[in-house]
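Thank you all for making the time this morning. I would like to walk you through one protein, and I will go slowly for those who are new to the group.

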Amino acid sequence: MRIFRIAIAGFGGVGRATANLLLSRRGRYRQVYGADVRLVAVCGSRSGLADAGGLEADRLSALTTGLSGADFVEASGADILIEAGPSDFRTGGPGLAYIRSALSAGHDTIVISKGALVHSGKQLRELAQGSGAMLKLSGAAAAALPTIDLIEHSLKGCEVLEIEGILNATTNYLLDAMTTKGLGFDAALHEAQQGGFAEADPSNDTEGWDTASKLLIIANFGLGADLTMVDLSVEGIQSVTGERIRTWRAEGVVPKLVGSLARVEGTFRGGVGIRTYPLTDPFANVRGKNKAIRITTDVMGETLAIGSGAEPLATAAAALKDLEHILAARITAPIQISERSS
Ligand SMILES: NC(=O)c1ccc[n+]([C@@H]2O[C@H](COP(=O)([O-])OP(=O)(O)OC[C@H]3O[C@@H](n4cnc5c(N)ncnc54)[C@H](OP(=O)(O)O)[C@@H]3O)[C@@H](O)[C@H]2O)c1
């Protein structure tokens, strides 16, 4: 049975959820892919743990100080990296060093944070192409909502003409609460923060940067575009007033913060801003923390997906979907479920 050694860099809510889900699915990996998947290293910013034989869940609460960094992960012997550190699109974030190191060494890499992909996406793609490593990023491209997978698998061969996405759960929750409960922006934000789904500093979400980051990742990694933040016009929801909400309600339309891309003369133009939808449009009914994407192609018309899922587990599951794509690709003849059960 082929052994796959996994390291997780970034061990907060998502990293830990990914570790636990991975360990709980080892039987599935053996059964479906004939793969012995071992978690050989985890680390946060200052501490970590490594064991070439494989870590078990009961050891993950006691990390050792000083075990961290790209060199630590490389020394662990891991052949697949899952990166789940903080996201910073202006600098690339701490994940950039881990991802560069893994791709340069030819290790398949699953990225969950958005920063490095927005900041250095082209370089990372080239590194992966150069070394033959697979670079997967469902967790960074709206996670539980399928986006790039839809383009790469379900719509394969079609030309994507337009994409609209409600890509940020926090802003969708806030606009929904303002529209349906009549809350002001500050009250809706307070409610979201109390519920644990808006950050103490929510500006990355409310000013549209998180949506813009996901849009860029979808454009550059899903559609082969080469856009940067300066190519996008980015508007958030922070200055939406109660009066504006009441006007939209009176007009019978629902506001959403939307990232959009359109193919114009062979290239993509994009932006983030508020769009309003009549109640008959499925986007008007994407409620609470749900997300959605509508992809228009030349020959398959409109495809719409709406997704949600309890975090951080849903993001962990998106990253492990990527892992299964890697296992399937790296093992030439995976055991078929139908053969197993007969
Ligand atoms: N939470 C969600 O629902 C969700 C959904 C989709 C995507 N994401 C993305 O997933 C990523 C992780 O989110 P999270 O909620 O798990 O964040 P988090 O709880 O703040 O965890 C971040 C982790 O990264 C670690 N870290 C910081 N600098 C590091 C370094 N130099 N080397 C190694 N580790 C480092 C931190 O270590 P310390 O503990 O030592 O500080 C912490 O363990 C973020 O990029 C986020 O945007 C999150």
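Predicted model: local features only at pLDDT ≥ 70, side-chain atom pairs only at ≥ 80, totals over all residues.

The domain assignment divides the protein into domain 1, which is made of residues 2–143 together with 312–341, and domain 2, which covers 148–307. The centres of these two domains, taken over their C-alpha atoms, lie 28 Å apart, and the contact between them draws on 16 residues from domain 1 and 18 residues from domain 2.

How much area is buried between domain 1 and domain 2? The computed value is about 1,400 Å², and carbon and sulfur atoms give 65% of that area. On the domain 1 side, the residues that lose the most area to domain 2 are Phe89, Arg125 and Ala142, which together make up 33% of what that side buries.

Let me turn to the charged and polar pairs. Three salt bridges are found across the interface of domain 1 and domain 2, and the count of residue pairs in polar contact between the two domains is four.

As for the elements involved, α5 (115–131) and α12 (313–330) each supply at least two residues to the side of domain 1 that touches domain 2, with α5 giving the largest share, namely five residues.

Notes: Residues numbered from 1 in each chain as written. Heavy atoms only, no water. Domains from an automatic or database assignment. Contact = heavy atoms within 4.5 Å. Buried area = accessible area lost by both parts, 1.4 Å probe. Salt bridge = Lys/Arg side-chain N within 4 Å of Asp/Glu carboxyl O. Polar contact = N/O pair within 3.5 Å; in protein donor to acceptor, adjacent residues only side chain to side chain. Helix = DSSP H or I, 4+ residues; strand = E, 2+ residues; numbered from the N terminus.
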